[in-house]
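Welcome, and take a moment to turn the model around before reading on. We will walk through it one piece at a time.

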Amino acid sequence: MLSTLLLQAAAPGAGGLFQYLPLVLMVVVMYFFLIRPQQRRATEAKKFRAALAKGANVVTIGGLHGKVVDLSDDTVTVEVDKGVRLRFDRSAIAREVASKTA
């Protein structure tokens with residue numbers, strides 16, 4: 001495909017490099033509207049998971065609400081009810097929510 005494009009660019013009177021301008025603009029728009037925001041969200045999620053602390057009320061990716069009672073490098077133990085503790089991978093924690101009592 002690239003060789004075809006180069007051959008068309010070399011043809012006399014074909015419009016030069018300006019004919020590729022829409023393609024270049026599409027790549028730039030895709031980067032700024034699709035790739036860059038996704039990278040930013042991934043970085044923010046990584047920072048959030050690294051900053052988790054005991055006592056935080058969290059929601060898992062599956063929608064389970066609970067309170068963080070123990071942390072290790074890879075896992076988070078969440079208390080979902082009195083005496084019911086579940087251990088999750090840190091990547092399974094989606095977000096922190098405000099306390100019900102607040």
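Let us begin with helix H2, which covers residues 21-50. Its 30 residues reach 42 Å from the first C-alpha to the last, close to the 44 Å expected at 1.5 Å a residue; that expected span is 1.5 Å times one less than the number of residues. Along the way, H2 bends by about 40° at Tyr31, where the bend is the angle between axes fitted to the seven residues ending at a residue and the seven starting there.

A word on the model itself: it is predicted, so local features need pLDDT of at least 70 and side-chain atom pairs count only at pLDDT 80 or more, while totals for chains, interfaces and linings use all residues. Residues are numbered from 1 along each chain as its sequence is written, and side-chain values use heavy atoms, leaving out hydrogens and water.

Stay with Tyr31 for a moment. Rings of Phe, Tyr and Trp (its six-membered ring) pair if their centres lie within 6.5 Å, with planes under 30 degrees apart counted as stacked, over 60 as edge-to-face and the rest as tilted. By this rule there is one aromatic pair. The ring centres of Tyr31 and Phe32 are 5.1 Å apart and their planes stand at 80°, so this pair is edge-to-face. Tyr31 counts as partly exposed because its relative accessibility is 33%, and Phe32, at 48%, also counts as partly exposed. Here buried means under 20% relative accessible area, exposed over 50% and partly exposed in between (1.4 Å probe, protein chains only).

Now step back to the whole protein. It has two helices and five strands, following the pattern α-α-β-β-β-β-β along the sequence. Helices (H or I, at least four residues) and strands (E, at least two) are DSSP runs, numbered from the N terminus.

How do the strands come together? Strands E1 (residues 57-60) and E2 (residues 65-71) pair in the antiparallel sense over three bridges; pairing requires that DSSP finds at least two bridges between two strands. Asn57 has Lys67 in E2 as its bridge partner. E1 and E2 form a hairpin with four residues between them, and Gly63 in the turn has a positive phi of about 95°.

Four bridges join E2 to E3 (residues 75-81), and the two run antiparallel.

Finally, buried residues make up 17% of the 102 residues in the protein.
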